[in-house]
Amino acid sequence: MVKYSDAMLDHVFAALADRTRRGVLESLSGRSLAVSELAAPHEMSLPGFMKHLRVLEDVGLIARSKEGRVVSCELSAAPMKTAAAWMSRYEKFWTEKLDSLARYLYQQEELQTWNKSGSRTNPRSPSVAVTRSRRRKSGGRGPTRKR
């Protein structure tokens with residue numbers, strides 16, 4: 001079983017909760033990019049973008065390297081594997097619950113089709129037309145109590 005600390009998972013999920021940081025991780029999948037290339041699609045200042053990179057680096061989701069004046073980033077998937085292992089426990093739980101619900105709904109559907117096929121022996125007319133009964137005129141005044 002994978003060992004993980006709650007604090008580390010909290011930081012990983014907090015880092016993944018932001019759309020900009022998830023976009024950075026998607027951009028880095030399978031390749032290393034310079035910070036300027038990573039920042040280009042995001043409409044924010046470079047110092048603001050660097051804060052996002054710092055969060056990802058502190059959690060261990062990216063690694064930065066510098067060659068001359070160019071700082072490049074590379075994806076490090078180990079923390080995501082830990083988070084995925086934690087979530088897999090709940091995936092099993094929800095899969096079992098959804099399978100149980102599917103079985104229940106299938107049984108209900110089978111019962112309804114069985115009841116519909118059995119109700120054809122109903123003596124009522126198969127016609128869908130509605131016959132209205134004649135309106136009755138109100139009669140005279142009814143008997144009253146003596147006081």
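Which residues are exposed on the other side of H1? Some notes on that and a few other points follow.

1. First, the ground rules. This is a predicted model, in which local features need pLDDT of at least 70 and side-chain atom pairs count only at pLDDT 80 or more, while totals for chains, interfaces and linings use all residues. Residues are numbered from 1 along each chain as its sequence is written, and side-chain values use heavy atoms, with hydrogens and water left out.

2. Helix H1 covers residues 6-16, and Leu9, Val12, Ala15 and Leu16 are buried in it. These four sit on the same side of H1 because they cover an arc of only 130 degrees around the axis. The arc is taken from the directions that lead from the helix axis to the C-beta atoms. To return to the opening question, Asp6 and Asp10 are exposed on the other side of H1. Buried stands for under 20% relative accessible area, exposed for over 50%, and partly exposed for values in between (1.4 Å probe, protein chains only). Helices (H or I, at least four residues) and strands (E, at least two) are DSSP runs, numbered from the N terminus.

3. Next comes helix H2, residues 19-28, where you will find Thr20. Thr20 counts as buried because its relative accessibility is 14%. Leaving aside residues up to four places away in sequence, Thr20 touches His42, Met44, Phe49 and His52; contact here means heavy atoms within 4.5 Å.

4. Now the strands, which pair if DSSP finds at least two bridges between them. E2 (residues 62-67) and E3 are antiparallel partners over six bridges. Within that pairing, Ser65 has Ser72 of E3 as its bridge partner, and Arg64 has Cys73. E2 and E3 make a hairpin with two residues between them, and Gly68 in the turn has a positive phi of about 65 degrees.

5. E3 (residues 70-75) also runs antiparallel to E1 (residues 33-34), joined to that strand by two bridges. Here Leu33 stands opposite Cys73 in E3, a residue that is also the bridge partner of Arg64.

6. Finally, Arg64 has a side-chain partner too: it forms a salt bridge with Glu57 at 2.9 Å, N to O. The rule asks for a side-chain nitrogen of Lys or Arg within 4 Å of a carboxyl oxygen of Asp or Glu, and by it the count comes to one.
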